[in-house]
Amino acid sequence: MPTKRQAMKKMNFRSLVLGLVGGLVAVSWSTAGMAAEHNSALQLARNDVGNTASLQRGARNFVNYCSGCHSAKYVRYSRLAKDLQLTEAQVTDNLMFPEARIHDTIKISMRPEDANHWFGTTPPDLSLIARSRGSDYIYSFLKSFYVDPSRPTGVNNRVMAQTAMPDVLWELQGVQEAVYDGESDAEHNAVHKRFKEFKIVRPGEQTPQEFDQFVRDTVNFLDYIGEPMQLERRSIGFRVLIFLLVFFLFAYFLKKEYWKDVK
């Protein structure tokens, strides 16, 4: 029969376990709620880093529309030539500035002090942006600029409110405005606005389908430069799993053979 002290220890241990479980459940629910709220504005990028043609188009888009302000200092042009199945001449002629060399990383000439003066902040390096924010975030961000006369750049962004980045793709996408539904709150004499959709007020050079593909190619390239080895890593991982499975089968049948006479 357990003593009173043993019973108290058992009760305290049970209380501790229940408290930890309850805390983990509460944190899980809170985290899930925050994630759902954050992801409510995100669209699925559905990019494919195994699509070489898409990566080539994405590299072109990055150089023409992003590399004026954003660097990718962990990626070398020579690595792009290898992975994107391009010759060094193609990379030199189409993806590099005249002063760059094939083994250089992707840098920018804009000085940080100039960036702070023009934008109020220094544009971040984009080498790891896809790993940090996720492909869906970048895809949604690039598609979510809308007219806002109160902002210095004349636009705002639904995914990152009050962003300092101008809408560099407005000529392709066109100019759009955010449309909201209003709900009256008579008790507090207020109107709550809920985002409904974006509405194009000035068409761009591309159709919505063409612009979606343009953004998807760009995001695909950013996803690739975040981890250029990812395709090779997945391939090696798959082969390792196959090896372990075969090894397990051999080990299992060998064990049965050794122990078949043991009862």
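The legends below describe several close-up views of one predicted protein model.

**Basis of the views.** Because the model is predicted, local features need pLDDT of at least 70 and side-chain atom pairs count only at pLDDT 80 or more, while totals for chains, interfaces and linings use all residues. Residues are numbered from 1 along each chain as its sequence is written, and side-chain values use heavy atoms, with hydrogens and water left out.

**View 1. The protein as a whole.** The secondary structure comes to 10 helices and six strands, where helices (H or I, at least four residues) and strands (E, at least two) are DSSP runs numbered from the N terminus. Of the 263 residues, 29% count as buried; buried means under 20% relative accessible area, exposed means over 50%, and partly exposed lies in between, with a 1.4 Å probe and protein chains only. Among contacts between residues at least 6 apart in sequence, 66% join residues at least 24 apart, a contact being heavy atoms within 4.5 Å.

**View 2. Helix H7 against helix H9.** Two packed helices are described by the angle between their axes and the distance between the axes. Here helix H7 (residues 135-143) and helix H9 (residues 208-226) pack at an angle of about 140°, and their axes are 10 Å apart, which makes H7 oblique to H9. Axes are lines fitted to C-alpha atoms, for helices over the stretch in contact, and angles run from 0 to 180 degrees between N-to-C directions; angles under 35 degrees count as roughly parallel, over 145 as roughly antiparallel, 65 to 115 as roughly perpendicular and the rest as oblique. From H7, the residues Ser135, Ile138, Tyr139, Leu142 and Lys143 meet Phe211, Asp212, Val215, Arg216, Val219, Leu222 and Asp223 of H9. By class, the residues of this contact of H7 with H9 are seven nonpolar, one polar and four charged, with Ala, Val, Leu, Ile, Met, Phe, Trp, Tyr, Cys and Pro counted as nonpolar, Asp, Glu, Lys and Arg as charged, and the others, Gly among them, as polar.

**View 3. Helix H2 against helix H9.** Helix H2 (residues 52-65) also packs with H9, at an angle of about 95° and with the axes 7 Å apart, and H2 and H9 are therefore roughly perpendicular to each other. The contact of H2 with H9 has eight nonpolar, six polar and two charged residues.

View 4. Ser144 lies in the loop between H7 and strand S3 (145-147), and Ser144 is buried, with a relative accessible area of 2%. The side chain of Ser144 reaches the backbone oxygen of Ser140 at 2.6 Å. Apart from neighbours within four places in sequence, the contacts of Ser144 include Asn156, Arg158, Gln176 and Phe198. Gln176, placed in strand S5 (residues 174-185), is buried as well, at a relative accessible area of 7%. The side chain of Gln176 reaches the backbone oxygen of Phe145 at 2.7 Å, and, not counting residues up to four places away in sequence, Gln176 touches Ser144, Phe145, Tyr146 and Phe198, among others.

View 5. Leu80 lies in helix H3 and is buried, with a relative accessible area of 2%. Leaving aside neighbours within four places in sequence, Leu80 is in contact with Val75, Gln85, Ile106, Phe221 and Tyr224. The C-alpha atoms of Leu80 and Gln56 are 24 residues apart along the chain and are separated by 9.0 Å. Ser78 is also placed in H3, which spans residues 77-83, and Ser78 touches Ile102 and His103, not counting residues up to four places away in sequence. Between the C-alpha atoms of Ser78 and Asp104, 26 residues apart along the chain, the separation is 7.8 Å.

**View 6. Two loop residues with positive phi.** Most residues other than glycine have a negative phi. Arg46, although not a glycine, has a positive phi of about 55°; the place of Arg46 is in the loop between helix H1 (4-39) and H2, and Arg46 is exposed, with a relative accessible area of 63%. Gln85, likewise not a glycine, has a positive phi of about 55°; Gln85 is found in the loop between H3 and helix H4 (88-94), and is exposed, with a relative accessible area of 61%.

Technical notes
A polar contact is a pair of N or O atoms within 3.5 Å; within protein, one must be able to donate a hydrogen and the other to accept it, and residues adjacent in sequence count only if both atoms are side-chain atoms.
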